[in-house]
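Let us take a friendly walk through this structure. Have the sequence and the 3D view ready, and follow along step by step.

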Amino acid sequence: MSQELLNETKEYLRIEVDYTEEDPFLSNLILAAKEYVKNATSVVVDDSNGLHRLAIFILISHWYENREAVSTGSVSKNLEFSLKSILLQIENCYSGDVL
């Protein structure tokens, strides 16, 4: 995982880039989000692709802000709709990059 992706993740979450205490946790979230996108779409995740990065950031943000179990409410429904739309785009537009 690149330092650039970690720094962009911190910026997305509005965490100071110089604050490194949560770097191991954020690194694990990045890996999990990439695996999630790959498993959901069967497409190899491309860190340089804006749509792939957005899906990763949305997942990380949700997991970072909701470290406890989340009930079905408006937050999870909005996440589900946004993420599902992006994952469908990735799956349909980048199917040439299938595993």
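An axis, as used here, is a line fitted to C-alpha atoms, for helices over the stretch in contact, and the angle between two axes is taken between their N-to-C directions, from 0 to 180 degrees. Two packed helices are described by the angle between their axes and the distance between the axes. Please keep in mind that this is a predicted model.

Begin with helix 1, residues 3-12, and look at how it meets helix 3: their axes come within 10 Å and cross at roughly 55°. On the helix 1 side you will find Glu-4, Leu-5, Glu-8, Thr-9 and Tyr-12, which meet Arg-53, Leu-54, Phe-57, Ile-58, Ile-60 and Ser-61 of helix 3. Sorted by class, this contact has six nonpolar, two polar and three charged residues.

Now turn to helix 2, which spans 23-41. How do the axes of helix 2 and helix 3 cross, and within what distance do they come? They come within 9 Å and cross at roughly 130°. Helix 2 and helix 3 are therefore oblique to each other, and helix 2 passes helix 3 in a right-handed crossing. Helix 2 brings Phe-25, Leu-26, Leu-29, Ile-30, Ala-32, Ala-33, Lys-34, Tyr-36 and Val-37 to the meeting, while helix 3 brings Ala-55, Ile-56, Leu-59, Ile-60, Trp-63 and Tyr-64. In this contact, 14 residues are nonpolar, none is polar and one is charged.

Next, follow the chain into the loop between helix 2 and helix 3, where Asn-49 sits. Is Asn-49 buried or exposed? With a relative accessible area of 13%, Asn-49 is buried, because buried means under 20%. The side chain of Asn-49 reaches the backbone nitrogen of Leu-51 at 2.8 Å.

Our last stop is His-52, which belongs to helix 3, residues 50-65. The relative accessible area of His-52 is 2%, so this residue is buried too. Which residues does His-52 touch, leaving aside those up to four places away in sequence? They are Val-43, Val-44, Val-45, Asp-46, Ile-90 and Tyr-94. For Asp-46 there is a further detail: its backbone nitrogen lies 2.8 Å from a polar atom of the His-52 side chain.

Note on methods
Residues are numbered from 1 along each chain as its sequence is written. This is a predicted model: local features need pLDDT of at least 70, side-chain atom pairs count only at pLDDT 80 or more; totals for chains, interfaces and linings use all residues. Side-chain values use heavy atoms; hydrogens and water are left out. Helices (H or I, at least four residues) and strands (E, at least two) are DSSP runs, numbered from the N terminus. Buried means under 20% relative accessible area, exposed over 50%, partly exposed in between (1.4 Å probe, protein chains only). A polar contact is a pair of N or O atoms within 3.5 Å; within protein, one must be able to donate a hydrogen and the other to accept it, and residues adjacent in sequence count only if both atoms are side-chain atoms. Contact means heavy atoms within 4.5 Å. Ala, Val, Leu, Ile, Met, Phe, Trp, Tyr, Cys and Pro count as nonpolar, Asp, Glu, Lys and Arg as charged, and the others, Gly among them, as polar. Angles under 35 degrees count as roughly parallel, over 145 as roughly antiparallel, 65 to 115 as roughly perpendicular and the rest as oblique. A crossing is left-handed if the near helix is turned anticlockwise from the far one by less than a right angle, and right-handed if clockwise.
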